[in-house]
Amino acid sequence: MITLLDLYHVLTAVVPLYVAMILAYGSVKWWKIFTPDQCSGINRFVALFAVPLLSFHFISTNNPYAMNYKFIAADSLQKAIVLAVLFVWSRTSSRGSLEWSITLFSLSTLPNTLVMGIPLLKGMYGDASGTLMVQIVVLQCIIWYTLMLFLFEYRGAKLLIVEQFPDTAGSIISFKVDSDILSLDGKEPLQTEAEVGDDGKLHVTVRKSTSSRSEIFSRRSHGPNSVSLTPRPSNLTNAEIYSLQSSRNPTPRGSSFNHTDFYSMVNNGRNVSPRQSSFGGVPFDEESGVKVNGGAGAYPAPHNAGIFSPVGKKKGGGGGGEGGGKDLHMFVWSSSASPVSEGGIHVFRGGEYGNDQLPVGGVAHQKDYDDFGHDEFSFGNRTVANGVEKEGPVLSKLGSSSTAELHPKAQGESKATSMPPTSVMTRLILIMVWRKLIRNPNTYSSLFGLTWSLISFKWNVVMPAIVARSISILSDAGLGMAMFSLGLFMALQPKIIACGNSVASFAMAVRFLTGPAVMAVASIVVGLRGVLLHIAIVQAALPQGIVPFVFAKEYNVHPDILSTGVIFGMLIALPITLVYYILLGL
């Protein structure tokens with residue numbers, strides 16, 4: 001039976017976390033103590049030092065040789081059950097999609113274990129439960145977050161292939177990705193180049209778009225029957241590239257591969273390299289596709305050659321939508337060298353990857369693209385030199401952030417496309433996931449912590465006091481700073497419920513009902529009983545983890561739903577977990 005003293009111990013462990021969160025919220029929302037730039041500095045410190053060292057502290061002091069394998073098996077079985085159900089649903093249901101499978105998996109199985117779970121469960125069930133939470137943290141950081149990255153990169157690779165090789169994807173036998181490409185999240189303008197080998201198969205190179213592909217051509221008429229396109233200097237550096245021929249349905253990645261060439265080479269057996277669509281500023285006739293103005297050797301223009309310019313949708317009323325577009329976003333440890341916390345800590349990134357409002361000529365200023373992704377912790381609307389409020393550019397074709405309905409289909413999935421062999425896709429995705437992991441400080445903190453714990457508890461090696469104190473002085477600040485970061489994030493959001501009430505209710509039901517229910521089934525199957533069963537259920541009812549939101553924002557897959565799960569989930573988490581605690585203790 002739960003006594004009032006037990007409840008007091010729980011509140012003693014959890015209420016200080018909410019005090020830190022409320023102080024941060026008030027310091028921005030009410031008292032205006034911190035500016036967005038100052039908040040960015042705070043969260044950068046948390047992401048780079050406090051939380052990785054906090055994670056290292058917990059993992060390195062946990063005995064890996066005394067792990068509760070039944071508890072770990074129950075947690076793993078819960079996630080396996082959810083993955084299996086979502087896989088079958090996405091394959092058999094017309095409403096199923098990879099995007100929703102990823103989002104539902106995040107909501108139902110990835111709670112905020114490090115920041116909320118350890119102190120909350122320690123207050124409820126003692127120090128032994130804290131050890132179990134550390135074991136869950138290790139699995140999350142090493143296995144489940146890596147799986148999330150794998151799924152997101154698979155989605156990015158699939159969309160890239162569907163857009164660039166809708167008819168010839170099955171002939172691809174290798175991918176080479178330039179070293180400066182760190183993700184297929186769609187935020188970087190990419191181009192693909194394909195070569196046909198002696199076996200008639202495609203070898204694809206993925207690289208960043210070059211400045212020559214961003215040139216803007218102005219059309220000048222020299223009479224009723226003559227057309228000349230004169231190149232002019234471009235002010236778009238690394239801007240999104242769009243083909244003239246597909247401007248009505250723009251794709252964010254320009255491809256230099258000509259499908260007509262491919263078929264002609266395969267059918268005629270000629271060993272000819274495919275033409276590049278980067279035509280180097282040579283003017284050509286826009287209607288006939290033939291080079292003009294005395295170009296050496298007239299030839300048909302490549303299939304995807306044309307005028308390249310970024311495209312964005314305008315918001316009504318000059319971009320002043322509901323909430324003024326002041327949607328703040330976490331910065332992440334990603335290809336732009338911004339940090340992300342893997343341990344459940346909120347870190348921020350400014351610059352909304354939302355709709356781009358361009359000047360009348362359709363040409364954005366170069367500074368807008370130079371600063372793309374670098375204004376940390378700023379509001380979505382920014383005023384450019386001409387006074388026009390704009391939002392950051394979007395790769396709308398890669399996005400799946402719509403929550404108007406629960407079952408949006410990815411645009412790239414509207415047409416069935418054969419994929420390259422599984423081994424080719426797997427190698428491509430593993431390359432991208434590896435590049436993401438080696439740039440994440442929490443990857444190292446988890447691996448180093450696990451390595452040290454294996455050595456320390458095997459041979460009773462004690463960490464030197466000077467090293468231990470150097471780590472603890474920063475890791476001790478990690479928990480409080482994590483909650484402080486969350487408060488800053490909440491204060492700078494225009495809405496606590498960003499995805500609408502109905503979708504928020506659905507997300508909260510998945511988070512606080514479906515997750516614990518599946519965990520209860522998995523725990524009973526593996527034989528957990530008594531206090532261990534209670535711990536397993538309560539930890540599954542913790543609020544939404546932050547790392548899944550960071551991934552969702554970076555890859556633009558339902559970030560508003562995950563944002564609501566983080567913020568609103570934190571607000572209602574304490575009463576909900578207390579209800580579970582009391583009911584299980586009856």
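Which residue forms a salt bridge with lysine 436? In this predicted model, where local features need pLDDT of at least 70, side-chain atom pairs count only at pLDDT 80 or more, and totals for chains, interfaces and linings use all residues, the partner is glutamate 554, with the closest N and O atoms 2.2 Å apart. Residues are numbered from 1 along each chain as its sequence is written, and side-chain values use heavy atoms, with hydrogens and water left out.

By salt bridge I mean a side-chain nitrogen of Lys or Arg within 4 Å of a carboxyl oxygen of Asp or Glu. This pair links distant parts of the chain, since lysine 436 sits in helix α10 (residues 422-437) and glutamate 554 in helix α15 (residues 546-555), 118 residues apart; helices here are DSSP runs of H or I, at least four residues, and strands are runs of E, at least two, numbered from the N terminus. Lysine 436 is buried, at 8% relative accessible area, and glutamate 554 is buried as well, at 2%, where buried means under 20%, exposed over 50% and partly exposed in between, with a 1.4 Å probe and protein chains only.

The structure holds 5 salt bridges, and another of them joins arginine 207 to glutamate 193 at 2.5 Å, N to O. Arginine 207 lies in strand β3 (residues 202-208) and glutamate 193 in strand β2 (residues 190-196), so the pair ties together parts that are 14 residues apart in sequence. Both are partly exposed, arginine 207 at 23% and glutamate 193 at 21%, and together with Asp178 they are linked in a network of salt bridges.
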